[in-house]
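Please read the following report alongside the sequence and the coordinates.

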Amino acid sequence: MASTDTSNRPEQARPDPFQPVALGPVQLRNRVIKAATSEGRSPKGGVTDELIDFHRRFADGGVGMTTLAYCCVSREGASAPGQILMDRKAVPGLKKLTDTMHDAGAAVSAQLGHAGVVASKKITGVRAVAPSRFFNPSSLEYCREIRRTEIARVIDQFGAAAEVALESGFDAVELHFGHLYLPSSFLSPLLNRRKDDYGGTIDNRTRFVREIAQRVREVVGNRIAVIAKISMDDGIRGSIWLDESLRTAQLLDRDGNLDAIELTQGSSVSKQMYLFRGDVPVDEFAAVMREPMKTGVRVIGKKMMGEYPYRDLYMLESARQFVPVMKNTQLVLLGGITNREHMITGLREGFDFLAMGRALLREPDLIRRMADDPSVRSRCNHNNKCMVTVFGRTHCVLDPDQRYPSRSKDEGQQ
């Protein structure tokens, strides 16, 4: 891994992450993207003022673009209660959100997804689907094999969701092809054991995500940007790894339907800490579980979620493999970006954009302060207790204004 120390390089050779830049047809005020993080601020499946305020903090804080996390392309594609369904009923609320972000000077992207394997019948009311029959160790439920007619319908649903995003004023859509959600699960040889032309070789297993990207591009044209989030590897033996994910990225790049690819790692099925790195909040997860899951989490939680030490720029070593593969598509670097030097390192490695999640949960104004003072770095200590807050309102547990939102500045009020 390359050194992040650029202090001995001449200043004119240092790329500036805070200059305006084009993302496909969209102009961003800088290269920093607020990565999608579960929000928990749409309890009835619609945009709320609290959700708008949540993203307004990042816009006011200086990001080039913020990402509305996980908008379902269908009801059965939900991964958690209260997620926004991308249908026409959602347009007025979504339009209010996009107008607010634009007023603050930031672009805004809608992450579109179908949970597939990650879904639960307890949430959707129907059995979850997968490329092949699969037992999800997280939900303790079997997933049935998705039928070809259903594959075609999901592709249409992504297209319809993108049309809703376009009508609602979004500057970009992010297609969630990572973390073993339905599109990602087709890329996994562990989960995809199909015998038709959606299974077998990696070229066949990539067919589904390529067809989704093509349909979305047909719908939105060049009016907004199209991004895909793909897992480079997921930390599960026999599943997605670099050799095949590089081929997936190469095929998507050749198709020319994407403006950018955001590179990620890990899954939402098993070894979840492979994405986050750092402390494993076992006690906090157990506290929000019912028996027998509570005891199970306490006993084998670390084994199930995995233990991976945090280090700065922890995805860079894998992500740099994708730089020479891309001919038409820009790249977004994610993972352990906590200061300006990390940003400069990523840009020098050949990445076009920088995505940040936990660091911005801790300090929504971090980008503005970094732009003003190069010595500023994130205060996030990677305790990962924010992971557990997804069961309510996602927030940094060290931010009292977010942890105790009902408290007034006047301590006499409740």
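## The second largest pocket

In this predicted model, the second largest pocket has a volume of about 300 Å³. Its lining is made up of 17 residues, and those closest to the centre of the pocket are Lys-44, Gly-45, Arg-75, Gln-83 and Leu-85.

## The cavity

Rolling a probe the size of a water molecule over the atoms shows where empty space is left. For cavities of 30 Å³ or more, the count comes to one, and the largest cavity has a volume of about 90 Å³.

The residues that line the largest cavity are Arg-358, Leu-361, Arg-362, Cys-380, Asn-381, His-382, Asn-383, Asn-384, Cys-386, Cys-396 and Leu-398.

## Salt bridges

Side chains of opposite charge can pair when their charged atoms come close. The structure holds 30 salt bridges, and one of them joins the side chains of Asp-399 and Arg-57, with an N to O distance of 3.3 Å. This pair connects distant parts of the chain, 342 residues apart, since Asp-399 lies in the loop between α15 (366-372) and α16 (400-403) while Arg-57 belongs to helix α1 (residues 49-60). How accessible are the two partners, Asp-399 and Arg-57? Asp-399 has a relative accessible area of 7% and is therefore buried, the limit being under 20%, whereas Arg-57, at 29% relative accessibility, counts as partly exposed.

A salt bridge is also formed by the side chains of Asp-255 and Arg-210, at 2.8 Å from N to O. Here too the pair links distant parts of the chain, with Asp-255 in helix α8 (residues 242-255) and Arg-210 in helix α7 (residues 207-220), 45 residues apart. Asp-255 is partly exposed at 30% relative accessibility, and Arg-210 is likewise partly exposed, with a relative accessible area of 25%. The side chains of Glu-363 and Arg-369 meet in a salt bridge at 2.4 Å, N to O, and Glu-363 counts as buried at 3% relative accessibility. Beyond such pairs, a network of salt bridges links Glu-145, Arg-148, Arg-194, Asp-196 and Asp-197.

Is Thr-248 buried or exposed? With a relative accessible area of 2%, Thr-248 falls under the 20% limit and so counts as buried. When residues up to four places away in sequence are left out, the contacts of Thr-248 are with Leu-187, Ile-202, Thr-206 and Val-209.

## A three-stranded open sheet

Three strands form an open sheet, in the order β6-β8-β7, and the pairing within this sheet is mixed. Why is one side of β6 (129-130) and of β7 (134-136) left without a neighbour in the sheet? Both strands stand at the edges and each has a single partner strand, so one side of each lacks a neighbour there.

The pairing of β6 with strand β8 (residues 141-145) runs in the parallel sense over two bridges. Within β8, Glu-145 is the bridge partner of Ala-130, and Glu-145 is also a member of the salt-bridge network that includes Arg-148 and Arg-194.

Technical notes. Residues numbered from 1 in each chain as written. Predicted model: local features only at pLDDT ≥ 70, side-chain atom pairs only at ≥ 80, totals over all residues. Heavy atoms only, no water. Salt bridge = Lys/Arg side-chain N within 4 Å of Asp/Glu carboxyl O. Helix = DSSP H or I, 4+ residues; strand = E, 2+ residues; numbered from the N terminus. Buried < 20%, exposed > 50% of the residue type's maximum accessible area, 1.4 Å probe, protein only. 1 Å grid on protein atoms, 1.4 Å probe; cavity = no way out; pocket = protein on both sides within 12 Å on 5 of 7 lines; lining within 4 Å. Points joined across faces, edges and corners; volume = space filled by probe spheres on them. Contact = heavy atoms within 4.5 Å. Pairing = 2+ DSSP bridges.
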